Amino acid sequence: MTETNILGHPVLKPKTPVPSDIQVSQDIVKEVGLLDITEVAKEAGITADELYPWGISKAKVSLAVKDRLKDSPDGNYVVVTGINPTPLGEGKSTTTIGLAQALGASLGKKCFACIRQPSQGPTFGIKGGAAGGGYAQVVPMEEFNLHLTGDIHAVTAANNLLAAAIDTRLFHEDSQSDAALFRRLCPNNKDFSPVMKRRLVKLGIDPNKKPNELTEEEQSKFARLDFDKSTITWQRVLDTCDRHLRRVTVGVGPKEKVKPRGTEPGTPKVQHDRETGFDITVASEVMAVLALATDLSDLREKLGAMVVGYSNSKQPITADDLGCGGALTVLMKDALMPTLMQTVERTPVLVHAGPFANIATGNSSIVADELALKLVGKDGFVVTEAGFGADIGMEKFFNIKCRASGLKPKCAVIVATVRALKMHGGGPAVSAGKPLAAEYIEENTELVTKGVANLVKHIQNAKKFGVNVVVAINKFKNDTDAEIEIIRNESLKAGAYDAVMSNHWAEGGAGAANLGIAVQKACETNDESNFKFLYDVELPIQEKVEIISKEIYGADGVDFSETALQQIKQYEEAGFGNLPICIAKTQYSFSCDAAAKGVPTGFRITVREIRSCAGAGFLYPICGDIMTIPGLPTRPGFYDVDINVETGEVIGLF
């Protein structure tokens, strides 16, 4: 007879040594079996008419859950974040999943994990996937890490439709008179479409008028967007790391030539080209909108309000001005529904959205968290992950995501490893694909003692938001009791509610049971009313950037380039001055210098430019040398990925 856990499912039987992540996933699928996704949904409280299955292992969940349970109390809201990591990662996703398994399969609490969908760029690059690892992961990990239910592809399609609309409009405006543009936009006096009426309202023109009822001046205002091409910030995207697409020239084909508007008859055509570039899909504002939208109506408004550039009269030009807002929403409507999956212990997971944390908000979606909080109920737990170090992912979770959702967390779990703290204490460089130096394999309490300052600073930062802090010391095989005790003692001195060693990678939920108990107690002893933001959004843009830089990073001050100052002026004049701030910086240091480990002092933050995500609802200053599309190393991860053509099993994904 199969031994069962507190949920009535087979008890996890970890193997020693722990196999590769993909082998663990495939063993679970073959030897234990997945719970049919309809049963996962049923146990979580999702009704059949709220579920759209994609095979047996994943399903879309309707936002109707939120309406059905609108009067139900929310569960306990917990965010998992981490210290500044090594390039190898410190197991934040693994800890998120392990903690959820502990709360659910070991402690019997209703619990959801909410995590981002991984980009295929890192999956085939250096970092690998993001399903967790060992016996604390989402399964099947191949389906999780690759196409899932197509949300990232939908973001790519929507983003690139808008990019095509921009270049198409430039092409036609540069070659046609106002009258010709209007005639082609409204052929045969055809009624204005709904998105056109939005533009009429923006221009102060009666939207009930017929096209032939507009004055000549109104027709010109409506038809010509009059881009200042130097202000266009919208780029095309793809979900691949490809450094050669950072700067490209478009419009170089033989058919992309125009006779400039207003020139004399016989004037030769000129090439209609311009320099632009690509971003990785998860850096797109469309992805940020997906993560921050609260329902379909909000998604429509946010997509339509995305600013792609400015006119020569310094007016913001939006997706709705280009006639795209409705079409973008149609492409994104199914992507708005989170994807339900399960862990190796059959506890439920909602996977949704995937913005990077160093160049975007770095958190999964608001709607996934909202659905999960309603489904677990008052005594349940929702464990959501904030990307990269707490200085960026956690800060953005609190100041941007929670501000947009109105949700109030009770506890922040900060993941730390002995390995990373040794690096912050002055240990040798850690690089992907290279063996670890002896300092990381042998006991070295001196390096840990010096490096723990990085963790202490993160604890102090988290407490500024009014949450209880629990430190999760993610166990690696070479860690010693003395090293772990240093981390625990220093965490408690810094004000952490608790600090617990967790071995979920090797043992699953059972290995994180003590962490789960600590988190449960931390939530019980904190009231969500204690939660607070770091700054008032009504403050000037520069002041908000300075507050984050000084309070969270420990900088002495901020230097703004002339370009950034001009952009600040433009944004404040356009009415965007009251948006929260999403700083793009390295994840490897509190400063903008990735090599500055520990807790750097005596440094300043340099803002070289500020981009707007007016639709999503934030501004993002770019600090340091941050690329919005990564490159690939000499030996990318895709070298190890293959398929067994006889069984169809994926090989080498990590």
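**Inside the model**

Guide: This is a predicted model. Take valine 607: beyond its neighbours within four places in sequence, valine 607 is in contact with Val545, Val558, Asp559, Phe560, Ser561, Ala564, Pro621, Ile622 and Cys623.

Visitor: Which residues touch the most other members of the largest nonpolar core?

Guide: Val607 is one of them, along with Ile46, Leu340, Leu350, Phe398 and Leu455. That core has 86 residues.

Visitor: What lies apart from it?

Guide: Another core, of 57 residues. Its members include Ile152, Val289, Ala319 and Leu336.

Visitor: New topic. Which residues of helix H9 are buried?

Guide: Val195, Met196, Arg199 and Leu200. Helix H9 spans residues 194–202.

Visitor: What covers the buried residues of H9?

Guide: The cover includes helices H8 (178–185), H10 (216–223), H12 (296–304) and H13 (325–332). Just after H9, glycine 204 has a positive phi of about 80 degrees.

Visitor: What does the pair tie together?

Guide: Phenylalanine 182 is in helix H8 and phenylalanine 222 is in helix H10, so the pair ties together parts 40 residues apart in sequence.

Visitor: Is phenylalanine 182 buried or exposed?

Guide: Buried, because its relative accessible area is 6%, under the 20% cut-off. Phenylalanine 222 is buried too, at 3%.

Visitor: Which residues do ring pairs link into a cluster?

Guide: Tyr77, Phe397, Phe398, Phe465, Phe531 and Phe533.

Visitor: What sits over the ring of phenylalanine 533?

Guide: The charged end of arginine 403, 4.2 Å from the ring centre. Likewise, the charged end of lysine 585 sits over the ring of tyrosine 553, 4.8 Å from its centre.

Visitor: Last one. Where is valine 139?

Guide: In strand S6, residues 136–139. Valine 139 counts as buried, because its relative accessibility is 0%.

Visitor: What is valine 139 in contact with?

Guide: Setting aside neighbours within four places in sequence, valine 139 is in contact with Ser25, Ile28, Leu34, Met341, Gln342, Thr343 and Val344.

Notes:
Residues are numbered from 1 along each chain as its sequence is written. This is a predicted model: local features need pLDDT of at least 70, side-chain atom pairs count only at pLDDT 80 or more; totals for chains, interfaces and linings use all residues. Side-chain values use heavy atoms; hydrogens and water are left out. A nonpolar core is a set of buried Ala, Val, Leu, Ile, Met, Phe, Trp, Tyr and Cys residues joined through side-chain atoms within 4.5 Å. Buried means under 20% relative accessible area, exposed over 50%, partly exposed in between (1.4 Å probe, protein chains only). Contact means heavy atoms within 4.5 Å. Helices (H or I, at least four residues) and strands (E, at least two) are DSSP runs, numbered from the N terminus. Rings of Phe, Tyr and Trp (its six-membered ring) pair if their centres lie within 6.5 Å; planes under 30 degrees apart count as stacked, over 60 as edge-to-face and the rest as tilted. A charge sits over a ring if NZ of Lys or CZ of Arg is within 6 Å of the ring centre and within 35 degrees of the ring normal.
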